[in-house]
Amino acid sequence: MYKLGIIGGMGPLATVRFYEKIVLQTEAKKDNDHIDLVVLNHATIPDRTTCIIEEQGEEFLEAIKEDFEKLEQLGVDTVAIPCNTSHYYFEEFSQFTDLQIINMIEETVLEVKKRGNSTIVVFGTVGTVTSKVYDKYAAKHGIQVQPLSSEDMYKVADIIYGIKATNNLETDQFEDILKRYCTDDIVGVIACTELSLLAINEEINTIDAMDVLVEKSIIRSGKRLKTL
């Protein structure tokens, strides 16, 4: 019945933006041209970074397993999870369901490679960065990962949780960090969907994992991307 299932709430505002981008970027002239989809805004799901750092992922995995079961009951074909950190558990996800799950991390790495770049810097939660979830797929596809300093990693984390707490979308502090790492040859991966809410200067060499997931969600739902 539904082409796409979105497991959201990580965080809620980022989920709203993700859905908005899908609508805006789908080639459609009327309502019926859009994707039949369902959003599970599972905001009370355990914090992914806490689960990774404390090595206590069982509660999170049990919660998201139930989400997959709900999507199966609804007849969903494809699943998108707009949360980079959660993909640390991607192998477990694949064991929970036969539904097609879009791998946000690997698809982003493949897009970097497609663009002809060979080095990335990952800007995300402490869970995403320290678990090296991007490094795993980067190594698989011949992409180098330049590390963030510990100081900058925690500054980025503060920005992320500040957005969650206050919806503050001021960009200056984050852009200052980006500019220290991103060059013509080094791509900054926007690897947290809260950071995807920021209107980052397009002159800074970045790729947004949310944008990649939006495009793959549209295409795998059998629709075309809107041409600008």
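Is Leu 169 buried, partly exposed or exposed? In this predicted model, Leu 169 is partly exposed, its relative accessible area being 34%.

**View 1. Leu 169 belongs to a nonpolar surface patch.** The residue lies in the loop that links α8 (150-166) to α9 (172-181). Together with Leu 13 and Val 16, Leu 169 forms a nonpolar patch on the surface, and the three residues have about 240 Å² of accessible area together.

**View 2. Helices α5 and α10 cross at roughly 100 degrees.** Two packed helices are described by the angle between their axes and the distance between the axes. The axes of α5 (residues 104-114) and α10 (residues 209-220) come within 9 Å. With a crossing angle of roughly 100 degrees, α5 is therefore roughly perpendicular to α10. On the α5 side, the contact is made by Met 104, Glu 107, Thr 108 and Glu 111. The α10 side contributes Ala 209, Met 210, Val 212, Leu 213, Lys 216 and Arg 220.

View 3. Ala 191 is located in the loop between β7 (186-190) and β8 (206-208). Neighbours within four places in sequence aside, Ala 191 is in contact with Asn 84, Val 122, Phe 123, Gly 124, Thr 128 and Tyr 134. For Gly 124, the C-alpha to C-alpha distance to Ala 191 is 4.7 Å, although 67 residues separate the two in sequence.

Definitions and conventions. Residues are numbered from 1 along each chain as its sequence is written. This is a predicted model: local features need pLDDT of at least 70, side-chain atom pairs count only at pLDDT 80 or more; totals for chains, interfaces and linings use all residues. Side-chain values use heavy atoms; hydrogens and water are left out. Patches are made of residues with over 30% relative accessible area and no salt bridge: like charges are joined within 9 Å, nonpolar side chains (Val, Leu, Ile, Met, Phe, Trp, Tyr) within 5 Å. Accessible areas come from the Shrake-Rupley method with a 1.4 Å probe; for residues, only the protein chains shown count as cover. A salt bridge is a side-chain nitrogen of Lys or Arg within 4 Å of a carboxyl oxygen of Asp or Glu. Helices (H or I, at least four residues) and strands (E, at least two) are DSSP runs, numbered from the N terminus. Buried means under 20% relative accessible area, exposed over 50%, partly exposed in between (1.4 Å probe, protein chains only). Axes are lines fitted to C-alpha atoms, for helices over the stretch in contact, and angles run from 0 to 180 degrees between N-to-C directions. Angles under 35 degrees count as roughly parallel, over 145 as roughly antiparallel, 65 to 115 as roughly perpendicular and the rest as oblique. Contact means heavy atoms within 4.5 Å.
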